[in-house]
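Trainee: I would like to learn how to read a model like this one. Please take me through it step by step.

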Amino acid sequence: MRLLPFLERNKGLFWAVVAFILVAGVGLLDIVTGYELAFSLFYLLPVSLAAWFVGKRFGLATSVVSALAWGMADLLSEQPYSHPAILYWNTTIRFGVFLITALLMSSLRQALEREQELSRVDNLTGAVNRRFFAELLQMELDRSQRSKHPLTLAYIDLDNFKAINDRLGHAAGDQLLATTVRQVKGQLRKTDILARLGGDEFAILLPETHMEAAKLVISDVQAHFLNEMHRNNWPVTLSIGVLTCTKIPATTDELLNQADALMYAAKNQGKNAVCYAVYAGD
Ligand SMILES: Nc1nc2c(ncn2[C@@H]2O[C@H](COP(=O)(O)OP(=O)(O)OP(=O)(O)O)[C@@H](O)[C@H]2O)c(=O)[nH]1
């Protein structure tokens, strides 16, 4: 099991409490052991946890509390200083170190989140990419297995898309692909997932959806898409294979391959068509 995703399962409140307990624990140890033993490093743990798991603001608050706890430990240890201001100076410097740590941790976290987001979506259209779609599909298959509810997968391929590239240029083709995603997304629920599988191929995952409900969605998708193509004078249609699973296939590939085969059946019917089937196991 990977450690970070495992730790991420806990809520912010949990980490806020952990950070608070750690600061209090380290502060107490610092007081009990006196000024000879250094504990600076251990304050960095709650500061880092707070900034990473809860957020920048809580990281900053933990930095203040940690610097104060350390200052308090110094004060109570009655360590002799050549000037009383030294205690305040040291506390400020420690706060600075904690602050920098908290800011670095929260920036790192934000960069990681941005990176994850970018690795999950297709740059051109903003739809989920193939790799992340496979992960989401697996999660939905598992959920469907538990709930015994059906799910539906639609495999979509644009018809005659190459002609747009050839006639109007690649940029127009790109625009058409982005428009496709916008149009299709507009007809879906928040829980449905639209992915660009590559080139001019897309997939829609409709969780908790049986065939009759899927037919309504697909018919809306098709109607809005064709309307938009007509408006732009783009002679492009959709070939769609729609597979509803009442039993859960062993792998996501099996599901995708069967939906792909249905899409090809629709193409072979002369394009601009939809083929439906139910996956009920072998
Ligand atoms: N503009 C653009 N074109 C792309 C992109 N990715 C793939 N393509 C082109 O999309 C075309 C897809 O090929 P096909 O599916 O065979 O073309 P088609 O005309 O739709 O063929 P049918 O599906 O048989 O109707 C190829 O010409 C690719 O070069 C992209 O990101 N942008």
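**Reading one residue, then the whole chain**

Mentor: Thr-252 counts as partly exposed because it has 18 C-beta neighbours inside 10 Å. By this rule a residue is buried if 20 or more other C-beta atoms lie within 10 Å of its own, exposed if 12 or fewer, and partly exposed in between, with C-beta atoms placed from the backbone. This is a predicted model: local features need pLDDT of at least 70, side-chain atom pairs count only at pLDDT 80 or more, and totals for chains, interfaces and linings use all residues. Residues are numbered from 1 along each chain as its sequence is written.

Trainee: In which helix does Thr-252 lie?

Mentor: Helices (H or I, at least four residues) and strands (E, at least two) are DSSP runs, numbered from the N terminus. Thr-252 lies in helix H10, residues 252–268.

Trainee: Which residues is Thr-252 in contact with?

Mentor: Two residues are in contact if their C-beta atoms, placed from the backbone, lie within 7 Å. Neighbours within four places in sequence aside, Thr-252 touches Ala-134, Leu-137, Gln-138 and Leu-141 by that rule. Ala-102 is 150 residues from Thr-252 in sequence, and their C-alpha atoms are 41 Å apart.

Trainee: How far apart do the C-alpha centres of domain 1 and domain 2 lie?

Mentor: Domain bounds come from an automatic or database domain assignment. Here that gives domain 1 (3–120) and domain 2 (128–279), and their C-alpha centres are 49 Å apart.
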